[in-house]
Amino acid sequence: MRLELQKRPERSALYALLSPFIAIALTVAFGAVLFAFLGKDPVEALYVYFISPLTSTWSLHELAVKAAPLILIGVGLSVCYLSSNWNIGAEGQLVMGAIVGSTLPIVFPDFQSPVVLPLMMIMGMAGGAAYGAIPAFLKTRFGTNEILTSLMLVYVAQLFVDWLVRGPWRNPEGFNFPESRTFHDYAILPEVLASGRTHYGAVFALVAVVALAILLSRTLKGFEIRIAGQAPRAGRFGGFSASRMTFFAFLLSGALAGLAGISEVSGAVQQLRPVVSPGYGFTAIIVAFLGRLNPIGVLFAGLLLGLSYLGGEEAQIVLGLSDKITRVFQGMLLFFVLACDTLILYRIRLVRTRGAVAVAGE
Amino acid sequence: MGRDTESSKSGETAAGRLRTGDLLLQAHGITKRFGDILANDKVSIDLRAGEIHALLGENGAGKSTLVKILYGALEPNGGTLSWNGQQVAISSPAEARKLGIGMVFQHFSLFEALTVTENIALALPGRLSLRDLADKIRRVSADYGLPLDPGAIVADLPVGIRQRIEIVRCLLQEPKLIIMDEPTSVLTPQESDQLFETLKRLTDEGCAILYISHRLEEVQRICHHATIMRHGKVVMECDPALETPASLARMMVGADIKDITREASSATEGEDRLAIVDLSAPADGPFSVPLKSIHLQVKAGEVVAIAGIAGNGQGELFDVISGERLSDRADAVLIDGAPVGRKGINARRRAGAAYVPEERLGHGAVPGLKLSENIILTRHATRDGLVLSGFLDRGKAEELEKKLKADFDVRMSHDNPEARSLSGGNLQKFVVGRELDRNPGVLVINQPTWGVDAGAAASIRQQLIDLARAGSAVLVISQDLDEIFEIADRIAVISRGELSAAEAAEKMTRERIGLLMGGHAGEAGKAAEGRATHAA
């Protein structure tokens, strides 16, 4: 007896829809096993992790604050992955966006005007896009693997911001803490509602979801993006340039990551610190795949992964578990999402064998 | 499938030569099911020693499935196999080889970076000395008239020689039955003749050969017996010597194939619609062929064919003509007199050209996209109104899809499916129809009917001729000489990136094309004068 994967003649629309839910169910099931091994009551632990963060206004606002950058970066990465440009460096582009956008309030604190905030947002996007252009250039010019270059540039960006806030950008009145000066009022992204901390980053995320949903489903550019990923040779036959697409994908996702970075700094933190994000740029990779590389799907996936951050904090406080539990959950989720995607193109069959294994044909 | 009423269980046997050889492999009632499809439905076949047995059928008739079962690569759902009268279960290719069954595949399984000896050593069981093996290869290959240099690197060898390696590899295992899948599809006529000599020698020694081919003339010439399959069943057995290619084709298709009608081109003095002027292109990869100073004109009203063996620069030539790769000079490619050598494929399409590449899936069409979206792929920039200020008009693309489906008889299980779910022939009808529907002034098509069943092939060929006669220029790149003689007004031959001058089809002979294919332009000249010599 063995399991055999049998290729379907066409993509299964049913499993394309079901696969993320199967993945979530499997993650929850194995999460319960994990909690049991840690000596916690699985039901209570799962409640603490996934349900209780949704029960107060305060934590719902926190969810929006955490989900916004994930969604913003996730939709950008979807465009990258749909076109087979494997940008793993969104975290670095986020950090660079945060740095470039913060130049105004930190280096020119006396320049106070209503144009500061829009300028910061634009500079943040430009910074992230420029940083994303580096792996794109290396890939198109030298054939360098963008997975490696974009990932390595993350560490460069992280060390760069670390150096900045300990060195030249350290707050002169900050008692030598490794932090920049706090932003003046014109440089702070305002809150959307009076009831909590949700800032305009959430609005940016929603706008990005809608804009990219339209781009991908209705425009020639979206068509080009999908072909570049599925059949590059056919893309060339259609008259589309692969290297232009690489730049487009990296610039777009870099700009969105940069916007997420500057929004986080200017909305949630309001100063530059050595660590800009708790790994939003990496978690957004899971968000993109869990959301089926579809902007609407990414919206929900971003909320779920945002919840995993909150649940992790909650589990730390209530159950006394390590904060690494968040990473474990996110890793399991990504694993199951990718595994379940197999079901879209293959069906699983149980085969009785007698004797030797048959060799695949063709 | 259910509509077939012929007695297909055992197949009718027409009169013919008496089959005298000993029964070697007998398959009885072989059934193989893939999901809902019966690929083999109670197929029976007898293979006898000393006999070349042809297995004929259209694409999808179940030939490959049957062969894979005989070679142990697939497990049947039902039926029995007997070898020398003893019932056997062939559960793996290794077991098949142990019995004495060898196979020469259509697509070579050779490592290009290794030598001939190393490639062969990889396929043989046990540990062996490479030096002894090299000697053996030299001896056996010379013995059978297929000389090989054991030390040569495969990457340096032409396709015909690579096939020799496969055959010699098979012979070294001293098989009693050799299965050959389309062995001549990559050979020049001369190389094919050489292969037939070898096959004759093998059968004289008592070896049985199961021979799969689409080339009916060839089957008629060399095969002693033929089994014809259709829709997974054996429909007929016959002696091919008593049949004509047309009657064999009829049995394969189950209906008459329409003859192609071709009036002589009236406009051979027409204007050049497509001109290629001194076009050269360096190789753009380790396995790519450089193009050397190519000249060619295709006039309004004519079909020009480029013959040649695979891998002699056809794909590279197609890419530069289509604009997927740009030339150095704008005037290297002219469409209706306009220099387009530096322009991309969409600019050339707007100038009136259309292109159909060799590979349907992955080049001509995106496998995972619906047909309507695949129409957008090549027509988004051709003023068909499929894109309005950057936005797709999907409704219009779907209308076009319905129109193509009706106009070009593209058969599909449900409306507007993904390209990958179409059979080869239907997908080819679609990608050809997609371009013909634009009524292009210039059509360049690479391997128009490769792997396409006979019925679809005939209709595509007819459409190409009709397009030319309506005043367009049609350039066909093909490896199929029968096809070329059927449709071309003028023929050129490509060999190692060089193109011979196009000559009127009536003046071309198979032998001359064969010599040009081998790059023997001088000898080809002599052959044209009637003093035929055999190519070395």
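Modeller: Asp272(B) and Lys299(B) form a salt bridge, and their closest N and O atoms are 3.3 Å apart. This pair links distant parts of the chain, for Asp272(B) belongs to strand E12 (residues 272-281) and Lys299(B) to strand E13 (residues 291-299) of chain B, 27 residues apart. The model we are discussing is predicted.

Biologist: Why is the pair Asp272(B) and Lys299(B) called a salt bridge?

Modeller: The nitrogen of a Lys or Arg side chain must lie within 4 Å of a carboxyl oxygen of Asp or Glu. The closest N and O atoms of Asp272(B) and Lys299(B) are 3.3 Å apart, so the pair meets the limit of 4 Å.

Biologist: What makes Asp272(B) partly exposed?

Modeller: Its relative accessibility is 32%. Buried means under 20% and exposed means over 50%, so a value in between is called partly exposed.

Biologist: How do you know that Asp489(B) forms a salt bridge with Arg469(B)?

Modeller: The closest N and O atoms of Asp489(B) and Arg469(B) are 3.1 Å apart, and the limit is 4 Å. The two residues are 20 apart and link distant parts of the chain: Asp489(B) is in the loop between helix H15 (481-487) and strand E22 (490-495), and Arg469(B) is in helix H14 (residues 454-469), both in chain B.

Biologist: Why are Arg138(B) and Asp135(B) said to be separated by about one helical turn?

Modeller: They are 3 residues apart in helix H4 (residues 130-143) of chain B, so about one helical turn lies between them. An α-helix has 3.6 residues a turn, so residues three or four places apart point the same way. Arg138(B), at 44%, is partly exposed, and Asp135(B), at 40%, is also partly exposed.

Biologist: How do you know how many disulfides there are over all chains?

Modeller: A disulfide requires two cysteine sulfur atoms within 2.5 Å, and by this rule the count is 0. For Cys223(B), the nearest cysteine sulfur is that of Cys238(B), 10 Å away, and Cys223(B) is in no disulfide.

Biologist: Is Cys223(B) buried or exposed?

Modeller: Cys223(B) has a relative accessibility of 1%, so it counts as buried. In chain A, Cys340(A) is buried too, with a relative accessible area of 5%.

Biologist: What joins the side chains of Glu237(B) and His225(B)?

Modeller: A polar contact of 2.8 Å joins them, and the limit for such a pair of N or O atoms is 3.5 Å. Glu237(B) lies in strand E11 (residues 233-238) of chain B. Glu237(B) is buried, because its relative accessible area is 11% and the cut-off is under 20%.

Biologist: Against which elements of chain B do the buried residues of H8(B) pack?

Modeller: They pack against strand E4 (52-56), helix H7 (216-222), strand E10 (225-230) and E11. The buried residues of helix H8 (residues 245-253) are Ser247(B), Leu248(B), Ala249(B), Met251(B) and Met252(B). Just after H8(B), Gly254(B) takes a positive phi of about 85 degrees.

Biologist: Which phi does Ser389(B) have, and what makes Ser389(B) exposed?

Modeller: Ser389(B) has a positive phi of about 35 degrees although it is not a glycine. Its relative accessible area is 74%, so Ser389(B) is exposed, the cut-off being over 50%. Ser389(B) is found in the loop between strand E18 (387-388) and strand E19 (391-392) of chain B.

Biologist: Why is Thr246(A) called buried?

Modeller: Thr246(A) is at 5% relative accessibility, so it counts as buried. Its place is in helix H10 (residues 242-269) of chain A. Leaving aside residues up to four places away in sequence, Thr246(A) touches Asn85(A), Ala136(A), Lys139(A) and Thr140(A).

Definitions and conventions
Residues are numbered from 1 along each chain as its sequence is written. Chains are lettered from A and ligands numbered from 1 in the order in which they are written. This is a predicted model: local features need pLDDT of at least 70, side-chain atom pairs count only at pLDDT 80 or more; totals for chains, interfaces and linings use all residues. Side-chain values use heavy atoms; hydrogens and water are left out. Helices (H or I, at least four residues) and strands (E, at least two) are DSSP runs, numbered from the N terminus. Buried means under 20% relative accessible area, exposed over 50%, partly exposed in between (1.4 Å probe, protein chains only). A polar contact is a pair of N or O atoms within 3.5 Å; within protein, one must be able to donate a hydrogen and the other to accept it, and residues adjacent in sequence count only if both atoms are side-chain atoms. Contact means heavy atoms within 4.5 Å.
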